[in-house]
Amino acid sequence: MKVNTALVLLSLQLMIFSCKKDEKQPVQNQNNLPSDSVKTVAKKEDEIDFKNFHIFNVSTMQRNELMDTFISVSDIYSDSQSVPAEILKKQKELPLDKLSYLELDEQHKQKMLTGIKLTENDSLYLYNYGTNKLQKFPVRQLKAVAYLSPYFTEGEEIDASSYMLGFQIDNQKSNEIFDKYSNVVAYFGNKNPFVENKMKAIKWEKAGTDVQKRYFSGSKLRYGGTFQAKYDNMTYYVQDLLEEYGTQERKLVVINNQNEKIFEKTFSMDDGAEFNPLEKMENDPTNSYAQWTGHLFKGKAPVVFGFISPSFGCPVITFIDKEKTELSINCDNRH
């Protein structure tokens, strides 16, 4: 499919695209793990309702040779009248650059807010867990916008579903805006759900062969590297399992300070996914680590993420709890 050159969607480190993601359900397959799980303590007034809880990535969109940053809510909102009907009716008379970016009027903004169960009194919370910077923006001050999907092919009929719908953060900035939103997650609501200053990039070290024998024996795949790292009172072990063309599985085990296994998970290559490196990439301009862990959400178990870059699907955050709960980051992937 020819990608519309007027729009380029650039994702951040955590943002990976998919055509349409399914909401992740907790996996119930835990073997011989202690029943206790580590959770942050939240004050009663700070407790977050995690039913219908959604977080989002920040997208960078090219427009007029400069960059906008934008949060798409199209994963949870669709409406055949989400953009002005008169624009769609006149599409054959308008140049593509006039159709590729729309600023929505108050009526369509309110329609979108109703569709995602928000009000003007709610806020956008942007949390950069890498720099521990939290920003808060009143929803009433956010501009509602629509960007034509970069996967739209010129000459196709445009309808409401052709647009990515959401809220603009930055308008017409230089390319340097990319770095500002590295390691950022977004949430809309009336309370801040994020725990501050408790996330940590995982810096893996090589582990001994005794770790491989103790926690990862029995695989029919060829054994690759074994790695370890620490966070608070937990030790993380990772084992790469190989086939002919590289890593096929990556197993994670978490041990508490009583030397008890409290969590385990296998990450697999599905639907064209790729494994992120476990070491710092020296040729990466951000010079960053891929895997992160720590307390990210109030009242919830620690999280771990960054092992896989899926080609189809959005990035997933895994909670270190007995249910192996997963939370997808909405990324409006529509290849």
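**First stop: a charge over a ring**

Select R63 and Y101: R63 lies over the face of Y101, at 3.8 Å from the ring centre. A charge sits over a ring here if NZ of Lys or CZ of Arg is within 6 Å of the ring centre and within 35 degrees of the ring normal. Now pick K265 and F267, where the charged end of K265 is 5.4 Å from the centre of the F267 ring and sits over it.

A quick word on what you're looking at: this is a predicted model, where local features need pLDDT of at least 70, side-chain atom pairs count only at pLDDT 80 or more, and totals for chains, interfaces and linings use all residues. Residues are numbered from 1 along each chain as its sequence is written, and side-chain values use heavy atoms, leaving out hydrogens and water.

**Zoom out**

Show the whole chain and you'll find 5 helices and 22 strands. These are DSSP runs numbered from the N terminus (helices are H or I, at least four residues; strands are E, at least two). Of the 335 residues, 50% count as buried; buried means under 20% relative accessible area, exposed over 50%, and partly exposed in between, with a 1.4 Å probe and protein chains only.

**Follow a sheet**

Next, colour β12-β13-β14-β15-β16, which is the order of 5 strands in an open sheet with antiparallel pairing. Strands pair if DSSP finds at least two bridges between them. Which strands are at the edges? Select 205–206 for β12 and 261–268 for β16: each pairs on one side only. Then take β15 (residues 246–255), which pairs with β16 in the antiparallel sense over 7 bridges. For a close-up, click K251, whose bridge partner in β16 is T266.

The structure holds 18 aromatic pairs. Rings of Phe, Tyr and Trp (its six-membered ring) pair if their centres lie within 6.5 Å; planes under 30 degrees apart are stacked, over 60 edge-to-face, and the rest tilted.

Start with Y215 and F216, an edge-to-face pair at 6.5 Å centre to centre, with 70 degrees between the planes. Y215 is buried at 15% relative accessible area, and F216 is buried too, at 4%.

Jump to F297 and F319: their ring centres are 5.9 Å apart and their planes at 35 degrees, so this pair is tilted. F297 lies in the loop between β18 (292–294) and β19 (303–305) while F319 is in strand β21 (residues 316–319), so the pair ties together parts 22 residues apart in sequence. Both F297 and F319 are buried.

Finally, select F50, F53, Y125, Y127, Y187 and F194 along with F297 and F319: together they form one aromatic cluster.
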